[in-house]
Amino acid sequence: MNARAIVSLLSGAVFGAGLALGGMTNPARVRGFLDLFGDWDPTLAFVMGGAVLVMVVVWRIQPRLAHPVFAQAFAIPTRKDLDVRLIGGAALFGIGWGIAGLCPGPGIAALVIEPLGAAIFVATMLAGMGFVHLAERKS
Amino acid sequence: MTLPGFPDAAPLAGLAGGVLIGLAAAIMLLGAGRIAGVSGIAARAAGLGGSGMERSSAWAFVIGLPLGALVIMAALGGIEASFASPLVLAIAGLVVGVGTKLGSGCTSGHGVCGMSRFSARSIVATLTFMATGFATVAAMNAAGLEVLR
């Protein structure tokens, strides 16, 4: 394992711990947040708010570094255009998120909490990604 | 601590969890120079496109997610979770996979990493998936569909 893989393992572990601590590995919490017009649970807003606040500060630090600690250069998205694909994809993702109360991170982290359910979700999620990937390679 | 009017909310645990997620994204950005976007990294690990991240790093991040959850589960002596049935999870997973691939990201990449740098694409994506998430749960509730067990 190189240094970047170790950094990634640490990042993933801290991320997974945050998801579990914040209640995001419980679909009931997530669907409670999405139930805006019913019995609303604002917990997810605190999770998102805490994460965004930290990263707002980090994005102020990032430009002061010539390069990442363990890599040659930063690889940061540069696109600024809004297209149908972005909005349509996000709309679909939100529907899937609402149906079962899971997004990719909690789905993978929950493999140790609800192994069978999480494995089914992750498997079909990868199948969905694979479907789009193949369709695009052909076109 | 509870929030007035929301007895079931867990604001402090939520905030603490959120700060950890922010730190995780900071470690990825400042350490490896990349966005901690779970959908893209998972796709990369599975060989389904995604970023130019090294496969070994993508796998390491993906393996880290459940390991971190395991630590919290051990520390708290268990974690509450109610999941949907296998069929519902399968449908939801498929829609999430197609949607995140087309939309170039999910709650972590767009919601946490993109919104915090005020990326227009990420702000639009986040507002969009939140709106359709709200609408989906509202529609399912209106139809009397109880999916969590």
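## Helix α6 of chain B and its surroundings

In α6(B), the buried residues are B:Arg121, B:Ser122, B:Ala125, B:Thr126, B:Thr128, B:Phe129, B:Met130, B:Thr132, B:Gly133, B:Thr136 and B:Val137. The model is predicted. The buried residues of α6(B) pack against elements of both chains. Chain A supplies α2 (27–34) and α4 (84–100). Chain B supplies α5 (107–114).

The length of helix α6 of chain B can be checked. Its 23 residues (residues 120–142), at 1.5 Å a residue, should span 33 Å. The expected span of a helix is 1.5 Å times one less than its number of residues. Just after α6(B), B:Gly144 has a positive phi of about 75°.

**Chain B as a whole**

Chain B has 6 helices and 0 strands. Along the sequence the pattern is α-α-α-α-α-α. The C-alpha trace of chain B spans about 45 × 35 × 35 Å along its principal axes. Of the 149 residues in chain B, 62% are buried. Take the contacts in chain B between residues at least 6 apart in sequence: 40% of them join residues at least 24 apart.

**The core**

The largest nonpolar core has 100 residues. Those with the most contacts inside it are B:Ala24, B:Ala25, B:Ala69 and B:Ala92. Helix α1 (residues 11–32) of chain B gives the largest share of this core, 13 residues. Domain 1 (1–81) and domain 2 (82–149) of chain B both contribute residues, so the core lies between them.

B:Ala25 also has partners in both chains. Leaving out residues up to four places away in sequence, B:Ala25 touches A:Ala51 and A:Met55 in chain A, and B:Ala36, B:Val112 and B:Cys113 in chain B.

**The interface**

Across the interface, 107 residues of chain A are in contact with 106 residues of chain B. On the chain A side, the elements that give two or more residues are α1 (3–21), α2, α3 (43–61), α4, α5 (104–109) and α6 (115–138). The largest share, 17 residues, comes from α1(A).

| Class, side of chain A that touches chain B | Number |
|---|---|
| Nonpolar | 71 residues |
| Polar | 28 residues |

Key. Residues numbered from 1 in each chain as written. Chains lettered and ligands numbered in written order. Predicted model: local features only at pLDDT ≥ 70, side-chain atom pairs only at ≥ 80, totals over all residues. Helix = DSSP H or I, 4+ residues; strand = E, 2+ residues; numbered from the N terminus. Buried ≥ 20, exposed ≤ 12 C-beta atoms within 10 Å, placed from the backbone. Contact = placed C-beta atoms within 7 Å. Nonpolar A, V, L, I, M, F, W, Y, C, P; charged D, E, K, R; others polar. Core = buried A, V, L, I, M, F, W, Y, C linked by C-beta atoms within 7 Å. Domains from an automatic or database assignment.
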